[in-house]
Amino acid sequence: MPVKIYNTLSRKKEELQPIEPGHVRLYVCGITSYDYCHIGHARSALAFDMIVRYLRYLGNKVTYIRNFTDIDDKIITRANEQNTTTEELANRFIDEFYVDMDKLGVDRPTMEPKATEHIQEMIDLITELIEKDMAYPAGGDVYYSVNSFANYGKLSGRNLEDMQAGARISVNENKTNPMDFVLWKASKPGEPSWNSPWGPGRPGWHIECSAMSRKYLGSTFDIHGGGQDLIFPHHENELAQSEGANNKPYVKMWIHHGFVTIRDEKMSKSLGNFLTIRDILDHYHPEVLRFFIFSTHYRNPLDFSEAAMQDSMTGLKRLYECLAAVDALEDNCQDKVDSIAGAKDIKKIESLEENFQKAMNNDFNTAQAQGSIFETVKTMNKILRTLPDAPSSEDHKLLQTAAATIKKLAGIMGILQVPAAVYLAVGKAEMLAKTDISEAEILACIEERNQARIDKNWAKSDEIRNNLLEKGIELNDGPKGTGWSVKRS
RNA sequence: GGCGGCGUAGCCAAGCGGCUAAGGCACUGGUCUGCAAAACCAUGAUUCAGCGGUUCAAAUCCGCUCGCCGCCUCCA
């Protein structure tokens with residue numbers, strides 16, 4: 001079953017057919033490193049983490065390149081504000097980026113090139129464009145001439161006339177055409193700069209990706225990814241540079257993910273409505289964020305809210321409860337006992353992996369893939385609740401195999417990777433820390449109450465229970481004794 | 001103004017020409033319990049923003065209308 005991917009370039013879903021069969025080459029635009037990352041960056045990293053994991057799960061080799069932009073206007077401005085160098089600032093936030101990525105359990109790409117370490121490659125590329133008359137130096141800058149590239153606008157579906165009509169472009173006397181964009185920027189005094197044939201300066205934003213992708217993936221590669229806001233101008237310009245210089249198709253498929261929104265507005269620094277990854281991780285388990293992000297298809301907008309995070313938390317817990325129940329199964333099965341699972345149940349459980357793949361092959365539909373896991377869990381719970389104390393070894397094995405499959409598949413989304421009992425216990429401990437009561441005190445109350453219950457002193461029993469409830473502790477009486485949990489506020 | 005996307009049950013969200021319109025959360029009922037809570041089970045759209053059209057067949061394709069959002073400036 002082939003993987004179908006929505007290609008921004010063709011605006012259609014297309015089958016993934018790697019140039020080298022079995023080896024997918026992927027380039028993703030990473031962060032500009034001058035601040036902490038927000039949830040939008042998390043979505044990007046997580047989406048491509050999932051895509052790479054899935055392609056590898058299918059048996060492909062994946063070469064995954066994600067760059068760091070470590071020199072640009074914002075970095076220079078911020079470094080000046082903080083009285084530091086661009087290098088120190090960029091590296092500091094690259095380190096912070098890794099802190100966040102590690103917490104989220106994002107796998108490292110194959111390579112993570114930095115712009116400043118590829119100045120020569122960029123100069124070479126710009127030189128080639130000038131030689132081909134597709135770029136021109138002017139006043140220490142070098143510009144790409146959009147008129148020299150017949151297909152300019154093909155990725156974003158624009159044409160030069162329309163764009164100039166509604167142009168919000170500042171007038172730049174050096175440019176021949178207002179839509180021309182900078183490949184090399186002359187540096188002002190005090191700014192970081194590199195020597196070049198056009199004088200001291202620094203690279204424009206787009207050229208780094210053209211240069212680095214060519215170096216590591218070749219002139220034509222399989223997939224290029226990024227956020228939808230990069231389609232224009234960044235990716236459009238990259239495409240123009242690369243195809244202009246190489247005379248070959250740049251990328252076979254373009255993948256662009258949607259934004260994270262808050263109250264249906266794009267999260268952005270200018271609106272001031274962004275939440276950093278660490279803001280979220282202070283309050284939620286990383287898997288809750290992953291569960292939330294993968295509950296919507298990657299191309300659709302994803303609206304962040306506390307309520308949505310709570311829902312994700314509840315949903316994830318439901319999955320873990322099922323895995324914990326399977327883990328807790330005692331190893332006392334009997335061969336002579338009849339199996340409880342009906343043919344339909346078995347079929348349903350056994351079709352999980354196929355359904356999961358079907359969903360993922362359809363443009364990485366994680367929302368649907370999650371649904372297939374929930375369906376399986378429902379069937380497993382049905383079996384679990386009617387399972388005798390000494391279950392048949394067939395049922396036991398069925399459940400354990402199902403749990404293992406769930407963990408394997410969920411791992412592509414990076415969820416259900418903690419031992420279930422640990423996840424549930426850690427969540428409980430973290431919540432307990434937010435109350436002003438200790439576990440020992442709770443257990444003492446439970447003991448006292450259990451004596452009251454033995455005495456059938458319901459008034460006292462309920463009083464103890466209510467007192468605990470006021471402190472945020474809920475009790476639950478079960479066949480195996482009385483347990484407790486922290487009530488969600 | 002140009003380009004693109006979205007509008008499916010109370011909320012979130014799949015489905016993108018044909019099996020009963022997935023799944024999650026919430027609600028309600030049940031199991032459990034001394035009573036609860038938690039957990040589990042069960043239950044909800046004759047209908048997919050509206051109106052037309054194409055088709056044997058449409059939430060799915062086409063057109064128009066309404067509403068929301070994004071890009072066109074740095075942005076994941």
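Which residues in H13 are buried? I will come back to that after the overall layout.

This is a predicted model. Chain A has 489 residues, and 48% of them count as buried. The chain contains 17 helices and 15 strands. Its C-alpha trace spans about 95 × 50 × 35 Å along the principal axes. Of the contacts with a separation of 6 or more, 76% are between residues 24 or more positions apart.

The domain assignment gives domain 1 as 4-277, domain 2 as 314-425 and domain 3 as 435-486. Between the C-alpha centres of domain 1 and domain 3 the distance is 58 Å.

The largest nonpolar core has 82 residues, and within it Leu289 and Phe364 touch the most other members. Helix H1, residues 39-57, supplies the largest share of this core, with ten residues. Domain 1 and domain 2 each contribute at least three residues to the core.

Take Phe364. Setting aside neighbours within four places in sequence, its contacts include Met50, Ile51, Tyr54 and Leu55. Val3 and Ile5 also touch Phe364, as do Ile255, His297, Tyr298 and Ala359. Apart from this core there is another, of 41 residues, with Met122, Tyr144, Val146 and Tyr152 among them.

Two packed helices are described by the angle between their axes and the distance between the axes. For H1 and H9 the angle is about 80 degrees and the axes are 10 Å apart. Angles of 65 to 115 degrees count as roughly perpendicular, so H1 is roughly perpendicular to H9. On the H9 side, the residues that meet H1 are Leu289, Arg290 and Ile293. On the H1 side they are Ile39, Ala42, Arg43, Leu46, Asp49 and Arg53.

Back to H13, residues 366-386. This helix has 21 residues and reaches 31 Å from its first C-alpha to its last, close to the 30 Å expected at 1.5 Å a residue. As for the opening question, the buried residues are Thr366, Ala369, Gln370, Ser372, Ile373, Thr376, Val377, Thr379, Met380, Ile383 and Leu384. An α-helix has 3.6 residues a turn, so residues three or four places apart point the same way.

What do the buried residues of H13 pack against? Their partners are H1, H9 (286-293), H10 (306-327), H11 (343-350), H12 (352-361) and H14 (393-413).

Key. Residues are numbered from 1 along each chain as its sequence is written. Chains are lettered from A and ligands numbered from 1 in the order in which they are written. This is a predicted model: local features need pLDDT of at least 70, side-chain atom pairs count only at pLDDT 80 or more; totals for chains, interfaces and linings use all residues. Side-chain values use heavy atoms; hydrogens and water are left out. A nonpolar core is a set of buried Ala, Val, Leu, Ile, Met, Phe, Trp, Tyr and Cys residues joined through side-chain atoms within 4.5 Å. Buried means under 20% relative accessible area, exposed over 50%, partly exposed in between (1.4 Å probe, protein chains only). Helices (H or I, at least four residues) and strands (E, at least two) are DSSP runs, numbered from the N terminus. Domain bounds come from an automatic or database domain assignment. Contact means heavy atoms within 4.5 Å. The expected span of a helix is 1.5 Å times one less than its number of residues. Axes are lines fitted to C-alpha atoms, for helices over the stretch in contact, and angles run from 0 to 180 degrees between N-to-C directions. Angles under 35 degrees count as roughly parallel, over 145 as roughly antiparallel, 65 to 115 as roughly perpendicular and the rest as oblique.
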